[in-house]
Amino acid sequence: MLYDKAGMTTLVADLRQYHSDLVAVAGDGTAKVDTSSDLGQACEKLKQAWSDPNSGAENGALEAVVAAKSDWDNAYADKCLSTLDAVAHAVESALSNALAADAKVGQSFA
């Protein structure tokens with residue numbers, strides 16, 4: 001069977017790294033208050049800057065940012081991260097199946 005084991009292994013590693021990089025920049029999309037990612041930290045800074053320190057009241061612009069971040073989190077976690085995971089899993093599974101098939105064919109000639 002013709003397949004590129006090294007290429008497939010590298011592809012899986014790359015997909016996993018892209019996933020990690022995206023989570024570092026934009027979170028995993030599941031946390032209500034995300035302060036671990038760059039995007040979450042930026043939203044928290046806006047919240048501090050656009051809230052009244054005495055009353056805690058937030059202005060209308062912040063409400064729009066929070067709504068946009070929520071929409072982003074939902075679409076991003078559902079579409080982007082889950083797609084990267086699914087593709088990485090599919091490539092891993094295909095490689096595993098190819099190696100198993102090769103082993104069976106090899107055993108039939110032994």
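Me: What does C80 count as by relative accessibility?
Reply: C80 counts as partly exposed, at 31% relative accessibility. Buried is under 20% relative accessible area, exposed over 50%, and partly exposed in between, with a 1.4 Å probe and protein chains only.

Me: What sort of model is this?
Reply: The model is predicted: local features need pLDDT of at least 70, side-chain atom pairs count only at pLDDT 80 or more, and totals for chains, interfaces and linings use all residues. Residues are numbered from 1 along each chain as its sequence is written, and side-chain values use heavy atoms, with hydrogens and water left out.

Me: How many disulfides are in the whole structure?
Reply: Zero, where a disulfide is a pair of cysteine sulfur atoms within 2.5 Å.

Me: Switching to rings. How many aromatic pairs are there?
Reply: One. It is W72 with Y76, stacked because the ring centres are 4.9 Å apart and the planes are at 15°. Rings of Phe, Tyr and Trp (its six-membered ring) pair if centres lie within 6.5 Å; planes under 30 degrees apart are stacked, over 60 edge-to-face, the rest tilted.

Me: Where do W72 and Y76 lie?
Reply: Both are in helix α3 (residues 60-108), four residues apart, about one turn of the helix. Helices are DSSP runs of H or I, at least four residues, and strands are E runs of at least two, numbered from the N terminus.

Me: Which of them is buried?
Reply: Y76, at 4% relative accessibility; W72 is partly exposed at 40%.
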